[in-house]
Amino acid sequence: MKRKSVVSCILAGSLILGGTQVWAATLHYNDSSLTGGAEAWNQWTTQWDSVANDYTYVSLTPGGAASELNFAWYNEGSEGTPVVYFGTDPNSLQAYNGTYDHVDSSLTNGRIFCNNYVTVTGLQENTTYYYSVNKSGVITAPQEYRTGSFSNVNILYFGDPQVGASTGQPQGEGELTNDSGAANTAARNDGFAWDRTLDIALAQNPNVNFAISAGDQVNKTGQAKEEEYAAYLSASGLRSLPVATTIGNHDSLNPDYSYHFNNPNPTGLGMTQAGGDYYYSYGPGLFIVLNTNNYNVAEHEQAIQKAIENFPDTAWRIVTIHQDIYGSGLDHSDTDGMILRTQLTPIFDKYDIDVVLQGHDHTYSRSKILYGDGQTHNSYEFRLNEAGDDYDWDNAYNVATGEQIGLYPEEGDAAGQAALDAFAQDNHCYTIESAGEMTVTDPQGTLYMTANSASGSKYYELISAQQDYIANRSQNWLPSYSVINMTPSDFKITTYQITDDGKVETIDNTFTIHKTVSGR
């Protein structure tokens, strides 16, 4: 959460200070006590103490290819138990062994845990499997898992569950807090909402192969937050849904993210405390996930190169990043969101990236097809604050010169305003290759999607003037998700929102990229 975001007393909207639009906090969030139904909410609050203190939920992640599936989970004790039992017959499952490591006990209230990683191989498409895992010698009950088609692939795409971000908002007669353990009532609120979104999305889309989260699974930055991960991972839909997660700024500064997610093909590039860049292939797609909290774009380019070298001929190249370099939210899209735009745009052009999936903005937007302008631009980055426990969101830095650019100059600070204006102008580094069409064929350039909050834990306003690179955008203060359908010739994406009474509504009709020649 940025410094400007903590102001909760300002009415929703935007302010103009010294000619610059700055963020004004929204009062909108999802109050689960009102949207989930009394019976379900009461049941959830009754079990919350148990959920918040169970750090051993299993996470599923896509493997390096569609025929693989990755598992991660904690077991309590000083020795790991990295065994998954997997197969088509729940009464006769094959054991797959993996590796384990020790969890930093300062993140788990002094309790001793190991985190386990296992990869299962040899999966076939359109097949029902079952799995169990070993938790300190206790074998869990078999859980069903089903693969879909490996050529006609369906994907759920989410933004910022950010479990715990509703802290400070009202609920009942009090307000939500982010204290530790079961006292984190914000995590209780948002974990319920995240589970609700997944349940509704999966009911509408039962043939999903896997999901993509564009980052900020949890909220606390640089702090112990296992109750937030517990709430996130407790969602019933995640028992049978692999999720390729992205490292958001709220995930970035602890190793706990890396304990909970067994990401495929880790490159060791783009590293922060949470981990780095990784990639995987699934059917006709190559998926590259970049940790853009690390501002070394040369390393991100190396990760893209490595992924393409290993999977050179996929029909689609899809990148996921957290920060939305082309978004439309206030204030991310015109400050920290676009911080890497001048560096990443030409890299995505160079490696023929078809689609970039983004989060961070807590609003929804779909760009036009964009391509770099071919001009020389400066490079920018963020740096950590003095304490090293969060990013300094108030200042961007010129990578070459070290110039500090204040993103919120005081009224009357002419020099500061001029530096900010120059920064904004330098980031106009794109050309618009298409506009208005809902189907494009063999385009030159990249589609940039920005997902709104999947849980509704925190929403932002849209920037007042829609940018010229945006084709469609939305902020209706409702949880949302997108459905991607990918074949060798078509990439289709449709976006939905969930009303307070649980109805699913389309907020952006299907956008299609069509290729007349598959492969590269």
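Residues are numbered from 1 along each chain as its sequence is written. Because the model is predicted, local features need pLDDT of at least 70 and side-chain atom pairs count only at pLDDT 80 or more, while totals for chains, interfaces and linings use all residues.

Of the 20 residues in H3, 16 are buried, meaning under 20% relative accessible area with a 1.4 Å probe and protein chains only.

The largest pocket has a volume of about 430 Å³; a pocket is an open set of points on a 1 Å grid over the protein atoms alone, where a 1.4 Å probe fits, with protein on both sides within 12 Å along at least five of seven lines, and lining residues have an atom within 4 Å of a point. Its lining holds 23 residues, with Ser-333, Asp-334, Met-338, Ala-424 and Ile-463 closest to the centre. Helix H8 (414–426) and strand S2 (20–24) each supply at least two lining residues, and H8 gives the largest share, 6 residues.

The second largest pocket holds about 350 Å³ of space, and among its 19 lining residues Arg-146, Pro-206, Asn-207, Val-208 and Ser-240 lie closest to the centre. Strand S11 (residues 143–146) contributes the most to this lining, with 3 residues.

Conventions
Side-chain values use heavy atoms; hydrogens and water are left out. Buried means under 20% relative accessible area, exposed over 50%, partly exposed in between (1.4 Å probe, protein chains only). Helices (H or I, at least four residues) and strands (E, at least two) are DSSP runs, numbered from the N terminus. Grid points are joined across faces, edges and corners, and a volume is the space filled by probe spheres set on the points.
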